[in-house]
Amino acid sequence: MLRKALIETICVLFILLFVYTAVSKFLDYENFRAVIGQSPLITRFAPVLAIVVPMAELVIALLLVLPAWRRAGLYASFAMMVLFTVYIIVLVTLSERIPCSCGGVISLMTWKQHLYFNIVFVGLALLGMWLYTKQPGENTTRTSPVHA
Amino acid sequence: MQHPFRFAAGCIAACLVLVLILYAFADKPNDQKNGFNRTLLPQTAILSNSLELPYPAYYIAGYTDQHIYLGNFSASLHLLAVNQNLKDSQRFTLKIPAGDRYAWKLARVMVDSPMVYMAEGNTPTLYQGKLDSLSMHRFLSESCFFNVLQNISSTSFISRSIHVDESGNKQNILAKIKTDAPHVTLGENILTKQVDGIFCTDGTLDYDKQSGKLVYLYHYRNEFITLDTNLHVIYTGHTIDTNSTAKIQVANMSTGINKFSAPPGYVNNRARVADNRIYVLASLLADNDDTQIRQQHEIIDVYSLDNGAYRYTLYLPLKGKERIMDFMVKGNQLFALSERTLSAYTIIKN
């Protein structure tokens with residue numbers, strides 16, 4: 001039961017995170033597109049990524065909502081968060097100027113906080129994936145009749 | 001049970017490879033030859049002293065014979081006075097009338113002994129006070145909005161303001177603000193638009209009391225303008241690099257705000273004028289520079305104030321890894337400010 005509750009919680013957290021960030025990206029689309037263009041790593045792909053990234057987030061959220069696709073959703077969430085995290089680490093360590101819409105001192109703090117935040121979510125996704133693989137045996141025998 | 005962790009490890013490796021590939025193909029400043037050379041006889045600057053600052057986010061507010069004054073971006077009324085050999089520092093707080101409201105995040109302090117000013121260009125609000133008492137009172141309520149302000153005397157300032165023409169185009173413009181009428185005089189056609197008018201004209205302003213000249217240095221092109229205090233252009237000079245046009249891309253938001261949409265090609269950080277020389281903190285490597293030089297040094301190119309001709313280059317050894325954000329020159333001493341440190345260098349004349 002605890003395991004199931006944990007998985008549910010992790011999924012809800014990811015759904016909230018991805019829907020929230022995707023919607024805010026779309027709502028502030030022109031700003032988002034300009035700001036990601038400032039990143040030296042992805043300047044060239046900014047117009048494409050500005051659409052692909054929030055779309056991917058929505059798709060992953062949808063996967064997590066549908067029980068049949070939940071496992072794939074957790075794996076995809078993990079992959080997405082690792083990609084974001086690696087991107088931040090590479091950008092902060094290798095790039096001389098960190099592009100950010102806010103000023104000097106504040107942006108430095110925000111990037112660091114961002115990093116910790118991401119690492120927590122990477123951990124959550126990993127936990128979810130692990131719990132899910134341990135689960136199938138019980139899942140089919142015990143929990144499905146309750147739902148039915 | 002092994003499955004998710006194998007997936008995780010593979011995923012991390014794949015992401016790392018992907019991002020590193022992106023990095024490898026990214027445009028990096030100073031990656032290619034910049035097409036100019038620095039003089040082969042550099043003068044040297046030797047780090048003589050340094051002081052750990054109590055807080056981050058300081059800027060240079062001015063200096064007197066005895067002290068260097070630092071203001072703080074995040075505490076508008078805080079002032080730190082440091083003596084010449086960086087051995088002694090004193091903290092002060094500017095006094096303003098209780099209940100006064102201003103955009104404190106934007107307020108900057110300017111020390112010009114015996115006076116001290118605090119100004120903020122969004123309201124706009126200017127304060128004036130004596131350095132010995134630090135009690136500030138409002139003055140010059142007839143000023144205009146500005147985003148940069150430089151004091152030139154106790155009765156006049158040079159500002160950089162945003163000018164909007166009949167068709168709604170915005171552009172940075174220099175203006176003179178004085179205590180007597182007409183309070184604001186615009187300096188037309190001094191800053192020249194290349195891309196968007198705001199970002200492409202961005203730069204820094206410095207005033208040299210000794211010669212009575214102002215220098216405006218652009219951030220994104222190899223150009224600086226020397227002016228007198230009535231905003232008459234004396235000459236337009238060029239820094240030694242080859243960026244005559246700002247390499248920037250600007251996106252126009254529907255909110256009316258503009259933003260960079262690609263990494264800007266930064267050329268010059270800051271100019272300071274002293275002793276008939278213009279000191280320019282440069283971002284670009286010359287073809288004959290050591291490619292690793294900026295890892296441990298800051299590059300300052302020196303130009304003649306009389307005609308803008310390039311003289312020589314100073315290589316400042318950095319203390320630690322923090323880059324220099326602002327600096328000033330006084331006699332044979334150069335004071336450099338980084339995030340948490342103020343360093344004093346002695347310039348050795350060869």
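Of the 72 residues in the largest nonpolar core, Ile278(B) and Val280(B) touch the most other members. A nonpolar core here is a set of buried Ala, Val, Leu, Ile, Met, Phe, Trp, Tyr and Cys residues joined through C-beta atoms within 7 Å, with buried meaning that 20 or more other C-beta atoms, placed from the backbone, lie within 10 Å of a residue's own. Another core, of 32 residues, lies apart from it and includes Ile60(A), Tyr75(A), Phe78(A) and Met129(A). This is a predicted model, so local features need pLDDT of at least 70 and side-chain atom pairs pLDDT 80 or more, while totals for chains, interfaces and linings use all residues. Residues are numbered from 1 along each chain as its sequence is written, and chains are lettered from A in the order in which they are written.

Back to Ile278(B): leaving out residues up to four places away in sequence, it touches Val215(B), Phe224(B), Ala271(B), Val273(B), Tyr303(B) and Leu305(B), contact being C-beta atoms within 7 Å. Tyr303(B) also turns up as the bridge partner of Ile278(B) in S22(B). Strands S21 (277–282) and S22 (297–304) of chain B pair in the antiparallel sense over six bridges; pairing takes at least two DSSP bridges, and a strand is a DSSP run (E) of at least two residues, a helix one (H or I) of at least four.

Both strands sit in an open, mixed sheet of eight, ordered S20-S21-S22-S23-S1-S26-S25-S24 in chain B. Its edges are S20 (268–274) and S24 (324–330) of chain B, each pairing on one side only.

As for the interface, 27 residues of chain B are in contact with 27 of chain A. H1(B) gives the most to chain B's side, with 12 residues.

Terms used:
Two residues are in contact if their C-beta atoms, placed from the backbone, lie within 7 Å. A residue is buried if 20 or more other C-beta atoms lie within 10 Å of its own, exposed if 12 or fewer, and partly exposed in between; C-beta atoms are placed from the backbone.
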